[in-house]
Amino acid sequence: MFLNAFCVKCDRCGHCKKLAPEYEKLGASFKKAKSVLIGKVDCDEHKSLCSKYGVQGYPTIQWFPKGSLEPKKYEGPRSTEALAEYVNNEGGTNVKIAAVPSNVVVLTADNFDEIVLDKSKDVLVEFYAPWCGHCKNLAPTYEKVAAAFTLEDDVVVANLDADKYKDLAEKYGVSGFPTLKFFPKGNKDGEEYGGGRDLEDFVSFINEKCGTSRDGKGQLTSTAGIVASLDALVKEFVAASGDEKKAVFSKIERGVEVLEGSTARHGKIYLKVAKNYMDKGSDYAKKEIDRLQRMLDKSISAAKADEFVLKKNILSTFT
């Protein structure tokens, strides 16, 4: 038996954003159910399809029984529990609600200082209240922010139930919800986050403040790994000939020696590329970029993808 629970959403709609985490849990719960499919359609992008099925407001949730294109409109509560009960009743299933893994670090009175005041970490904290509608609207976006930076060891995206831990909220001057504060490595008093609340706004903020280079999907951008202080030396290296290259290589070595943190790791890649360039010829960089791209086109882990993108970006400075 094949059944389809169908959610129609519009990205601008606050009600859709509020429903999103509940519907995400529903989808995760029924992922392995062979007789039920949980789907969604963006009505901004697929206007004709939504019009065909009489969608006039957002979100609209419809149930398509097996073998039928005549949907039933779902009118019940929009919690995961209520949606799952409806699907089980209509589909004859007995699926339990699954817990959806989260990348947001949950803070409590016991771990707050250990995590937030860690001077080796940049920490973004959302102070929220469970009953707050704006907090619920922000939740799916905030989860995406956390997911985007999950591979950055020194960046933490966290939240605190400020209704439960009122003393902590008061300590940091929280009077409304949600309140977002940024605790960089160099200022553990906390800075008010006053930027926009779209995914792109948060990603831009974290990249600027933390020196990271991620996009909204968590992938490294074309600037990741690039060390500005080495760029001029690379240009000089590529333009040099014969023994001059060795002299410029020595300059690159000295430039890498003074680097710290992640830039020091990137500097070592510069050195390795420069050495291979001298040993294997001027077409080395282009050939290596092509090889790495073939690897990136395959199914690889996120950590490996990061490694290859960093190398590709640095190699590109030598072409």
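Which residues in H9 meet which residues in H10? In this predicted model, the H9 side of the contact is formed by Lys245, Lys246, Phe249, Ile252, Glu253 and Val256. Their partners in H10 are Ala264, Gly267, Lys268, Leu271, Ala274, Lys275, Tyr277 and Met278. Sorted by class, the contact of H9 with H10 has 8 nonpolar, 1 polar and 5 charged residues.

The directions of the two helices are worth a look in the structure above. Helix H9 covers residues 243-257, and its axis lies 9 Å from that of H10, at an angle of about 170°. Angles over 145 degrees count as roughly antiparallel, so H9 is roughly antiparallel to H10.

Helix H10 (residues 261-280) also packs with helix H8 (residues 228-239). Here the axes come within 12 Å and cross at roughly 0°. Because angles under 35 degrees count as roughly parallel, H8 and H10 are described as roughly parallel to each other. From H8, the residues in this contact are Leu230, Asp231, Val234, Phe237 and Val238. They meet Gly267, Tyr270, Ala274, Tyr277 and Met278 in H10. The classes found in the contact of H8 with H10 are 8 nonpolar, 1 polar and 1 charged residues. Gly267, Ala274, Tyr277 and Met278 of H10 can be found in the contact with H8 and also in the contact with H9.

Is Asn276 buried or exposed? Its relative accessible area is 15%, and under 20% counts as buried, so Asn276 is buried. Leaving aside residues up to four places away in sequence, Asn276 touches Gly281 and Tyr284. With Tyr284 there is also a polar contact, made between the two side chains at 3.1 Å.

When residues up to four places away in sequence are not counted, Met295 touches Ile300 and Phe308. How far apart in space are Met295 and Leu230? From C-alpha to C-alpha the distance is 27 Å, for two residues that are 65 residues apart in sequence.

Ser213 sits in the loop between helix H7 (199-210) and H8. With a relative accessible area of 15%, Ser213 is buried. Its contacts, not counting residues up to four places away in sequence, are with Asn207, Gln219, Leu220, Thr221, Thr223 and Ala224. Ser35 likewise belongs to a loop, the one between helix H1 (14-29) and strand E2 (36-42). Ser35 has 16% relative accessibility and therefore counts as buried. Between the C-alpha atoms of Ser35 and Glu200 there are 37 Å, and 165 residues separate the pair along the chain.

Domain 1 runs over 2-91, domain 2 over 105-210 and domain 3 over 228-317. Taken over C-alpha atoms, the centres of domain 2 and domain 3 are 35 Å apart.

How values were computed:
Residues numbered from 1 in each chain as written. Predicted model: local features only at pLDDT ≥ 70, side-chain atom pairs only at ≥ 80, totals over all residues. Heavy atoms only, no water. Axes fitted to C-alpha atoms, helices over the stretch in contact; angles between N-to-C directions. Helix = DSSP H or I, 4+ residues; strand = E, 2+ residues; numbered from the N terminus. Parallel < 35°, antiparallel > 145°, perpendicular 65-115°, else oblique. Contact = heavy atoms within 4.5 Å. Nonpolar A, V, L, I, M, F, W, Y, C, P; charged D, E, K, R; others polar. Domains from an automatic or database assignment. Buried < 20%, exposed > 50% of the residue type's maximum accessible area, 1.4 Å probe, protein only. Polar contact = N/O pair within 3.5 Å; in protein donor to acceptor, adjacent residues only side chain to side chain.
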